[in-house]
Amino acid sequence: AGPSFDSFFDELGQDALPDSCVKICVDTALKPLFERNTKPDLVVALDAQHWNVRDFCGTGDWRIPVAMALSAPPAVSGVLGGDLADGMNGKCRLFWTRWTELTVFERLARLGLMPLELPPLGSVGLSAVSLALRLGAGTVFTVGIDLAFTLDKYHCRGSPSHGELLRRHDRLGGLYPLAALRTVSTPVTAGAATGGPVWQDDPVLRRCRSLFAAEFAKGGRVFTVGGSALPGIKTVSINEALENVKKNAARYSGAPPNWDAECGSDCGSNCGSDCGSDCGINSAKSALLLEFIKNEEAALGELLAVLKGERKVTAARLDSLLDAASYLWAHFPDCAGAGGTRPPSTDIVFLKRVRAEIEPFLNLFRPAGLKAATR
């Protein structure tokens, strides 16, 4: 959803993208695509902030599969009309990046319940490219992944941030986000001589650009169409990109990417007879998931009873319960700042803070257990 998104579709005009290419977009690009009547095959959502759900507003009756990070807001799974066990229209598929070390991830992995893992790349655009490379064998062309901004806008027309900029335009606030220039921005490419835009970046975007080159420059499968020049990535014209897609049409099905090919070694013949063509949560995995939820709920219930003074356990047992439920305290500043090490179980202030975290997780596990039991 970078500024070059607009120039791409302005040049494309009324022509539609070929059915022979699989179209993967980030969540911020969904509304701009809707306004241009271009329906993607897959939407990627990564950010954990709840305000990112607004990216899905105003897309009419579209039903599109969503690739959703485990850290994304749960509401993302249903905004396009589907959920984790729905059919291909509106299906939500999970992936995750190892943003922290939690013992619950280890327990889920042992049961084969962890989703597809992608490297932590710090940007939904980079994660979308990484996912595209995993889900297909063909060439990947990026559009609008500029990792830079122009002097007049951060994002393309139709994106939530650009719409907000237009809504706030008045006599005191102009259309140009000049506040961006107050940061440590540096020119990326100077297009004044050629009539093109002058691109800028800042320390965060500069880091993303370097990471893009380190991750995708090798292999020769990733190209960018217009936009700001990404280091190590060849820039091609829109005509070159479309010609490549047409020549390799036999390699694409035009259908949503085959997610199941990457969902783990437990798929295929080991999935179970009830799996069929949809490797969602089958009966075997549903039973494992239900058992996992019951165990988590029981452990949290025991810990809650101990902290309320209703049950006595040994110090070793209390330590074990606290370590197993590290998701209750890993986000505490004193724990995160200590490399994930918690205070001792004799620290009353720490235990009181843990006590306040338990009920929300119990409320999360209980309806999830009921849902898993009905599948």
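1. Leu147 sits in the loop that links strand E6 (140-142) to strand E7 (149-150). The model is a predicted one, and in it Leu147 has a positive phi of about 50° although it is not a glycine. Most residues other than glycine have a negative phi. Is Leu147 buried or exposed? With a relative accessible area of 11%, Leu147 is buried, because the limit for that class is under 20%.

2. Asn37 also deserves a look. Its phi is near 55°, a positive value in a residue other than glycine. Asn37 belongs to the loop between helix H2 (30-35) and strand E2 (42-45). The relative accessibility of Asn37 is 69%, so this residue counts as exposed.

3. Some overall figures give the setting. The protein has 375 residues, of which 43% count as buried. Its secondary structure comes to eleven helices and eleven strands. Among contacts with a separation of 6 or more, 60% are between residues 24 or more positions apart.

4. Strand E6, at one end of the Leu147 loop, pairs with E10 in the parallel sense over three bridges. In this pairing Val140 stands opposite Val222 of E10. E10 also pairs with strand E11 (residues 234-236), again in the parallel sense and over three bridges. There, Val225 has Val236 of E11 as its bridge partner.

5. What covers the account of strand E10 (residues 222-225) is its two faces. Val222 and Thr224 are on one side, Phe223 and Val225 are on the other, and all of them are buried. Both faces of E10 are therefore covered, given that buried stands for under 20% relative accessible area.

6. Strand E7, at the other end of the Leu147 loop, belongs to an open sheet of three strands in the order E7-E9-E8, with antiparallel pairing. Which strands lie at the edges? They are E7 and strand E8 (186-189), each of which pairs on one side only. E8 is joined to strand E9 (residues 199-201) by three bridges, and the two run antiparallel. One of the residues involved is Thr186, whose bridge partner in E9 is Asp201.

7. Helix H6 lies across E7, E8 and E9, and runs at about 100° to E9. H6 also packs on another helix. Two packed helices are described by the angle between their axes and the distance between the axes. For helix H4 (residues 124-135) and helix H6 (residues 203-216), the axes come within 11 Å and cross at roughly 10°. H4 is therefore roughly parallel to H6. Leu126, Val129, Ser130 and Leu133 make the contact from H4, and Cys208, Leu211, Phe212 and Phe216 make it from H6. By type, these residues divide into seven nonpolar, one polar and no charged.

8. Ser130 has its place in helix H4. What is its relative accessibility? The value is 5%, so Ser130 counts as buried. Leaving aside neighbours within four places in sequence, Ser130 is in contact with Leu118, Pro119, Leu121 and Phe216.

9. The count of aromatic pairs comes to 13. The rings of Phe8 and Phe9 have centres 5.1 Å apart and planes at 80°, so this pair is edge-to-face. Both of these residues are buried. Phe5, Phe8 and Phe9 form one aromatic cluster.

10. Another aromatic pair lies in the helix of point 7. Phe212 and Phe216 are edge-to-face, at 4.9 Å centre to centre and with 70° between the planes. Because they are four residues apart in helix H6, about one helical turn separates Phe212 and Phe216. Phe212 has 0% relative accessibility and so counts as buried. Phe216, at 3% relative accessibility, counts as buried too. Phe212 and Phe216 are also among the H6 residues in the contact with H4, and Phe216 is one of the residues in contact with Ser130.

Terms used
Residues numbered from 1 in each chain as written. Predicted model: local features only at pLDDT ≥ 70, side-chain atom pairs only at ≥ 80, totals over all residues. Heavy atoms only, no water. Axes fitted to C-alpha atoms, helices over the stretch in contact; angles between N-to-C directions. Parallel < 35°, antiparallel > 145°, perpendicular 65-115°, else oblique. Contact = heavy atoms within 4.5 Å. Nonpolar A, V, L, I, M, F, W, Y, C, P; charged D, E, K, R; others polar. Buried < 20%, exposed > 50% of the residue type's maximum accessible area, 1.4 Å probe, protein only. Phe/Tyr/Trp six-rings, centres within 6.5 Å; stacked < 30°, edge-to-face > 60°. Pairing = 2+ DSSP bridges.
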